[in-house]
Amino acid sequence: MRPKLTPKAMLLIGVLLLCACSTPNKVQRQVSKDAVLPQITQGEHQGAYRNLYRTPLGQRQYPAHCEANCYPADQALQCNTPGQDCRYTAAQQAPELTTGFGVQWLGHASFVINTPDGQQLLLDPVFGQFDWPVRWVQWFAGIIKRPYTPTISSTTLAETDAVLYSHLHYDHFSHQSIEQIGNKPTYYLPLGMADYMPKGGYHIIEQAWYSQSQQGELSIHLVPAHHFNNRRLFNDDNKALWGGWLLEHGENTLFFAGDTGYSEHFKDIQQKYGDIDICLLPIASYHHEEHADWYRYVHTTPEDALVAATELGCKVMIPWGYGNGSWQMGDISSHSPLLRLLHMQRQLNSQVPLLILNEGDSVQL
């Protein structure tokens, strides 16, 4: 029989929990000598960050574009309805890279990464639906919910050494998931994002673009992305930086692009770090009937991702952003981006090996 707690004991537990939640976070900033700090220094937007790869909307030049019949059915994809609720079933052979990195796709933008030196990292972990209040607005407005939420064990969470978030948007950054993970790992964030973390004694390292931190034998670099950042309804546009993450262990590299549109930043990253072994690239959220230019401006289409993979020198590309664990924001269906990716791979005769994972799948590379 479970022992009953006395009112005094319950009060003590409540006080301890309250104290834990209000414990200040420890924040460090990494701004290397050769870092890029795209911050506005004067004027009404002083202190905000800017997109260094910005062009006027509608004037971006894209190397490739699907003109027609972009979503043909593919035998490799078994779906309950056309393009919806699918699994990739084709046999595939992972390239023999021997990098020592292990990759598990949890869904949408969330990954578990095992590093060559035995560490475990989480990339953009969001385990449930959107945080409140967007979850409430989503329900009230009838917006589609995430039909599948990632499953991760408490044992796996307890083994996490570091958590890396790319930006603040609700499908990439989750207070609920952070509280579930706890304050044992180190949290790596772009500059300014520590202000949006819950309180609770979290160890946070903020980085500028092209700044580096050391986590065990692993070098962690924040790199540019063609996107933007906000969290609140009013007055916080680009108050925090955004970006992608490049993990480096010896001569082996893994790149997580974060949310991004296509721009010259892919070439710049390759020029600085050389060809990338493993590229985790987004292929979704680019479709909109009225605002197609904007959606593609800040999210890569499948063909944009294929071009980027070539420019990065990727030895393997793992796509993400679509699927049963996505919210289908800016997509025709859950797997329409993957259908377009498979189609455009053939159309462009892309030579970058693709590795298609279903939610929960793992691969050692």
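The model is predicted, so local features need pLDDT of at least 70 and side-chain atom pairs count only at pLDDT 80 or more, whereas totals for chains, interfaces and linings use all residues. Residues are numbered from 1 along each chain as its sequence is written, and side-chain values use heavy atoms, with hydrogens and water left out. Helices (H or I, at least four residues) and strands (E, at least two) are DSSP runs, numbered from the N terminus.

- Most residues other than glycine have a negative phi.
- D124, which is not a glycine, has a positive phi of about 40°, and it lies in the loop that connects strand 6 (120-123) with helix 2 (134-141).
- D124 is buried, with a relative accessible area of 0%, where buried means under 20% relative accessible area, exposed over 50% and partly exposed in between, computed with a 1.4 Å probe on protein chains only.
- S285, also not a glycine, has a positive phi of about 65°; its place is in the loop between strand 14 (278-282) and helix 6 (292-298), and S285 is buried at a relative accessible area of 10%.

**Enclosed and open space**

- Both kinds of space are defined on a 1 Å grid over the protein atoms alone: a cavity is a set of points where a 1.4 Å probe fits but cannot get out, a pocket is an open set with protein on both sides within 12 Å along at least five of seven lines, and lining residues have an atom within 4 Å of a point.
- Grid points are joined across faces, edges and corners, and a volume is the space filled by probe spheres set on the points.
- A search of the whole structure finds one cavity of 30 Å³ or more, and the largest cavity holds about 70 Å³ of space.
- The lining of the largest cavity includes S285, together with H108, D171, H172, D259 and W320 among others, and it divides into three nonpolar, seven polar and two charged residues.
- In these counts Ala, Val, Leu, Ile, Met, Phe, Trp, Tyr, Cys and Pro are nonpolar, Asp, Glu, Lys and Arg are charged, and the others, Gly among them, are polar.
- The second largest pocket contains about 590 Å³ of space; of the 24 residues that line it, Y49, R54, F228, D237 and N238 are the closest to its centre.
- The lining of the second largest pocket comprises nine nonpolar, nine polar and six charged residues.

**Strand pairing**

- Strand 2 (residues 77-81) and strand 3 (residues 84-88) run antiparallel and are joined by four bridges, where pairing requires that DSSP finds at least two bridges between two strands.
- L77 stands opposite Y88 in strand 3, and the two strands form a hairpin with two residues between them, in whose turn G83 has a positive phi of about 70°.

- T301 lies in the loop between helix 6 and helix 7 (302-312) and is buried, with a relative accessible area of 2%.
- The side chain of T301 makes a polar contact with the side chain of D304 at 3.0 Å; such a contact is a pair of N or O atoms within 3.5 Å, and within protein one must be able to donate a hydrogen and the other to accept it, with residues adjacent in sequence counting only if both atoms are side-chain atoms.
- Not counting residues up to four places away in sequence, T301 touches I283, Y286, R296 and R340, contact meaning heavy atoms within 4.5 Å.
- V112 lies in strand 5 (residues 110-114) and counts as buried at 2% relative accessibility.
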